[in-house]
Amino acid sequence: MEQQATVSSKTFTKHPTTVIKELQPIQKPYLTLGIIAAVILFIAIASTTNMVQGVLYLIGIALGVTLLQARFGFTSAFRRLMSVGNTQGIQAHMLMLMVATTLFAIILSTGFSFTGADPAGYVSPVGMSVIFGSFLFGIGMQLGNGCASGSLYNLGGGSSSMILTLIAFIIGSTIGALHFPFWMSTPSLEPFSLATSTNLGYGGAWVVQMIAFVAIYFILAQFAKRRKPPMMKPLATTSGWKKIFRGAWPLVAAGLILAILNALTLAVRGQPWGITSAFALWGGKTLDFVGVDVASWGYFQGANGMALSQSVLADSTSVMNFGVILGAFIAATAQGNFKPKKLKVGPASASIVGGLLMGYGARLAFGCNIGAYFGGIASFSLHGWVWMVMAMLGTGVALFIRPLFGLNNPKKNDLFC
């Protein structure tokens, strides 16, 4: 029986995203297996590469735990807004971006680094590739029921359909890598940073983005007040210190932690958090193993070509992805929620189509919801804002496609969404 709701920030919402109730028993055998696997992989990474890779892997684990503990969604946040006008997820994104932008501004303006790496944000050109790719990604993440981060943490959390989504994601990313030179030849603007492409500098750019985040946040608040949409279903949590390991975390708290972890990633490896470049690498390595000359592709030149010839453990994005999956698995088993289900034909087909679209779209758009949207906007890049708009439009289109695969959309008369 529900006892009481946890207190959520009044500036975020009057409706808490967690509620105290009885939790499922800890799945001790699975939890033990997850911890052992995490330790073994850490030893393998640190011993075969270097400690920086090991630290990035640990950050990946922390990211996976955070995403799972709050079920922090990008896909669901976009879908709830476009279908019934629920703004809780996007408002949490704005708070997350406010913190990330602040930390990124400090790191990028001062050149701060824990490892000596020269920090650089994700700033990419805006053109046909970004516009089309992010639109495709918006459709794909709604069909696949998960974005890039969602695919990883839901896979670790026990979602059977994410196996298909991830495989299709890798295939789509690989095809996108093959077609990458063509899309780079299409019309585009030069990379534009609000901080370095203008006279604003990081201080002025920070002020402009803060104004934008606050404006979006309160416009959404007024929109929700008039629309009166169904709220997110609160997740089960507990009280006291056990909440850290067992209960669900409030959405806002998770967003703030994700912002800090992304900034930490920037200060450790010199680049923000990213996910999908590893998928193209995994697909390229697979094709290379079976004799396909992927080294001749335009995409696999320079740094990408070097990664192709090295161990996957030497790729920082890959080890962080492994960490996200294992972190989510550990968190899910600690909550007692690791319970894979049988796949149905409709949702399974949607997972495959969605994964293909996301993989292809992410390569065209210079990233996904993490690298382009989260990392791009926090890096003051125009392409991050364009990605957000086009992915939102893609989400709107996907709402009409989802029922064809037997997927339900939130309805305005639902109690929760």
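Colleague: Which residue just after helix 6 takes a positive phi?
Modeller: That is G158, with a phi of about 110°, and helices here are DSSP runs of H or I with at least four residues, numbered from the N terminus. Before going on, please note that this is a predicted model, where local features need pLDDT of at least 70, side-chain atom pairs count only at pLDDT 80 or more, and totals for chains, interfaces and linings use all residues. Residues are numbered from 1 along each chain as its sequence is written, and side-chain values use heavy atoms, with hydrogens and water left out.

Colleague: Okay, and helix 6 itself, is it mostly covered or mostly open?
Modeller: Helix 6, residues 148-156, is mostly covered, since seven of its nine residues are buried, where buried means under 20% relative accessible area, exposed over 50% and partly exposed in between, with a 1.4 Å probe and protein chains only. The buried residues are A148, S149, G150, S151, L152, Y153 and G156.

Colleague: New topic: how many cavities are there of 30 Å³ or more?
Modeller: The search of the whole structure finds one, and the largest cavity has a volume of about 40 Å³. On a 1 Å grid over the protein atoms alone, a cavity is a set of points where a 1.4 Å probe fits but cannot get out, while a pocket is an open set with protein on both sides within 12 Å along at least five of seven lines. A volume is the space filled by probe spheres set on the points.

Colleague: What lines the largest cavity?
Modeller: The lining, meaning residues with an atom within 4 Å of a point, consists of R71, F72, G73, S76, A77, R80, G89, H93, M232 and L251.

Colleague: How many aromatic pairs does the structure hold?
Modeller: It holds 25, counting rings of Phe, Tyr and Trp (its six-membered ring) whose centres lie within 6.5 Å, with planes under 30 degrees apart called stacked, over 60 edge-to-face and the rest tilted. One of them joins Y202 and F380, whose ring centres are 5.7 Å apart and whose planes stand at 70°, so the pair is edge-to-face. Y202 is in helix 8 (residues 201-227) and F380 in the loop between helix 15 (369-378) and helix 16 (382-401), 178 residues apart.

Colleague: Is Y202 buried, partly exposed or exposed?
Modeller: Y202 counts as partly exposed at 22% relative accessibility, whereas F380 counts as buried at 1%. Another pair is W273 with F374, also edge-to-face because the centres are 6.4 Å apart and the planes at 80°.

Colleague: Where do W273 and F374 lie?
Modeller: W273 lies in the loop between helix 10 (251-269) and helix 11, and F374 in helix 15, so this pair ties together parts that are 101 residues apart in sequence. W273 counts as buried at 0% relative accessibility, and F374 counts as buried at 0% as well.

Conventions. Helix = DSSP H or I, 4+ residues; strand = E, 2+ residues; numbered from the N terminus.
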